[in-house]
Amino acid sequence: MVFSWAERAWHLTLEFVYDYWHRIIEKRSQERYMEAISVDPSGDFLTLKIVNKILRFHAIWLRDNARDSQTRSTGNGQRLIALRDIPADTTIAHAELQGGWLAVEFAPEHKKVTFDLSWLEANAYDNTLPVKRGWLPPDTQIWSSELEQHVPTGDFQALAKGGTALVEWLSQINRYGFAKVVNGPVEEGALFRVVDLFGYVRETNYGRLFEVRTEVNPTNLAYTGVGLQAHTDNPYRDPVPTVQVLYCLESTAAGGENMVVDGFAAVKRLQDENETYFDLLANHCARFEYAGEAGVHLTSRRPMIELAPDGELIAVRFNNRSMAAVTEIPFDKMALYYEAYRRLGEIIDDEAMEVSFRLNPGEAFIVDNTRVLHARKGYSGEGNRWLQGCYADKDGVRSTYKAMQGDVALEAGR
Ligand code: FE2
């Protein structure tokens, strides 16, 4: 192919512009991290100055997190060595900045490894941890009844195609702990198609799915007219099912709306009102039990408010029907424990905390069962209601969300 002088000139101009911008970007990257590295004389750690942050990294941490092909699989990213393969007396022999990279030489291995500075910045640990017990990650948002105006909802037909609709729906489950699905098929087992969107069914002694059929007639209206108290499901399991899906196939009875309560919002309100109550429910294990059928005797011993060792609020268990005799509380604290339990129940029952919605055939909702309590409200007229329910796990929600976020970003960048 022969290029005209004009085409050649155009290519040269493009090359020049590209080169110029590349230099500017590289220079900016260097400036961002310029004169920003010092190694402690002991070699035990180095200090990196990034813009206005000062971040320290230990030699052993850096060596363990090396990204080279001898340390990490280039295929799946999994670590290929154990800590025993790294000398206990590992130190930093030398470190220097090379553009957007940090080059480190470790002793006594004489091993040279480079680290992407943006990776180090994203994985820095040299910062103060939150001290208030009951803290939540920034992508978790607590809510109360005001969310009823904006119930997180996905259209099944759009969700089934994947892409941004599914990513948005998963992000809402991640943020609020629940979401609705509308416009789904009205057929038995359709709830499995909801689970297929993000993960796998968790089978229990109740089967792969369980039926929730209610015939509301004048005889049983008095009984079924009573709503259930909001609860988390199956607190007697270890671990509990972390996701529940309830799918509506028939709904002709008036009333019987579904409602959800944010357990995180409820326990944080309890904490604001009375820190002692919060501590009692977080520091002592309750016990839960189910032995309602032959060959099954499920028991667990966990607190109603579960915190990680650093105080992060990670789970709420609340279910009056399966709470067993609590024996883990010292005698002189038991009365106060019951006061705290009662108050948490009152907060959960407060209408200001609840979001209600009606499920029509072909509609479903999904809850994070470690956080969001659910219930059915009472009926006010006769008819039938048929739902199918199943369990799944929220690691699938998070995994699909994270993986798809990357895919959608790639798609947008193409
Ligand atoms: Fe339930």
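Student: Which residues line the second largest cavity, and how many of them are charged?

Tutor: In this predicted model, the lining of the second largest cavity runs over Ser251, Gly255, Gly256, Glu257, Asn258, Arg358, Leu359 and Arg385. The volume of this cavity is about 40 Å³. By class its lining has one nonpolar residue and four polar ones, and the number of charged residues is three.

Student: What volume does the largest cavity have, and which residues line it?

Tutor: The count of cavities of 30 Å³ or more comes to two. The largest cavity holds about 40 Å³ of space, and its lining divides into four nonpolar, three polar and two charged residues. The residues are Thr232, Asp233, Pro235, Val240, Ala315, Val316, Arg317, Asn369 and Thr370.

Student: Asp233 is in that list. Which residues coordinate the iron ion?

Tutor: The distances from the iron ion to its donors are 2.1 to 2.3 Å. Along the chain the donors have the spacing H-x1-D-x140-H.

Student: Are His231 and Asp233 buried or exposed?

Tutor: The cut-off for the term buried is under 20% relative accessible area. Both residues, His231 and Asp233, fall in that class: buried.

Student: Which residues are closest to the centre of the largest pocket?

Tutor: The largest pocket has a volume of about 730 Å³ and is lined by 30 residues.

Student: Which element gives the most residues to the lining of the largest pocket?

Tutor: Elements that supply at least two residues each are β10 (210–216), α7 (221–224), β11 (243–251), β13, β19 and β20 (383–392). By class the lining has 13 nonpolar, 10 polar and seven charged residues. With five residues, the element that gives the most is β10.

Student: Which element provides the largest share of the lining of the second largest pocket?

Tutor: The second largest pocket contains about 330 Å³ of space. Of its 17 lining residues, Thr140, Asn174, Asp368, Lys394 and Arg398 lie nearest its centre. Two or more lining residues come from each of α5 (163–176), β16 and α11 (394–413). The largest share is three residues, and the element is α11.

Student: How many charged residues are in the lining of the second largest pocket?

Tutor: The nonpolar class has eight residues in this lining, and the polar class has three. The charged residues number six.

Student: Which element gives the most residues to the largest nonpolar core?

Tutor: This core has 35 residues, and those touching the most other members are Leu281, Met304, Ile305, Met323, Tyr337 and Leu344. At least two core residues come from each of β12 (258–262), α8 (263–273), α9 (275–283), β13 (286–290), β15 (305–307), β16 (313–316), α10 (331–349) and β19 (372–376). The most, six residues, come from α10.

Student: Which residues does Leu281 touch, not counting those up to four places away in sequence?

Tutor: Leu281 is one of the core residues that touch the most other members. Its contacts, with that sequence limit, are Leu270, Pro303, Met304, Ile305, Tyr337, Ala340, Tyr341 and Leu344.

Student: How many residues are in the second, separate core?

Tutor: Among its members are Leu166, Val243, Ala364 and Met404. The second core is separate, and its residues number 28.

Student: What is the omega of the peptide bond that joins Asp238 and Pro239?

Tutor: Most peptide bonds are trans. The bond that joins Asp238 and Pro239 is cis, and Pro239 is in the loop between α7 and β11. Another cis bond runs from Ala107 to Pro108, with omega near 5 degrees. For Asp238 to Pro239, omega is about 0 degrees.

Student: His110 and Asn234 both have a positive phi. Is Asn234 buried or exposed?

Tutor: His110, in the loop between β5 and β6, has a phi of about 60 degrees and is exposed at 61% relative accessible area. Asn234, in the loop between α7 and β11, has a phi near 50 degrees. Its relative accessibility is 4%, so Asn234 counts as buried.

Note on methods
Residues numbered from 1 in each chain as written. Predicted model: local features only at pLDDT ≥ 70, side-chain atom pairs only at ≥ 80, totals over all residues. Heavy atoms only, no water. Donors = N, O, S within 2.8 Å, 3.2 Å for Na, K, Ca; no water. Buried < 20%, exposed > 50% of the residue type's maximum accessible area, 1.4 Å probe, protein only. Core = buried A, V, L, I, M, F, W, Y, C linked by side-chain atoms within 4.5 Å. Helix = DSSP H or I, 4+ residues; strand = E, 2+ residues; numbered from the N terminus. Contact = heavy atoms within 4.5 Å. 1 Å grid on protein atoms, 1.4 Å probe; cavity = no way out; pocket = protein on both sides within 12 Å on 5 of 7 lines; lining within 4 Å. Points joined across faces, edges and corners; volume = space filled by probe spheres on them. Nonpolar A, V, L, I, M, F, W, Y, C, P; charged D, E, K, R; others polar.
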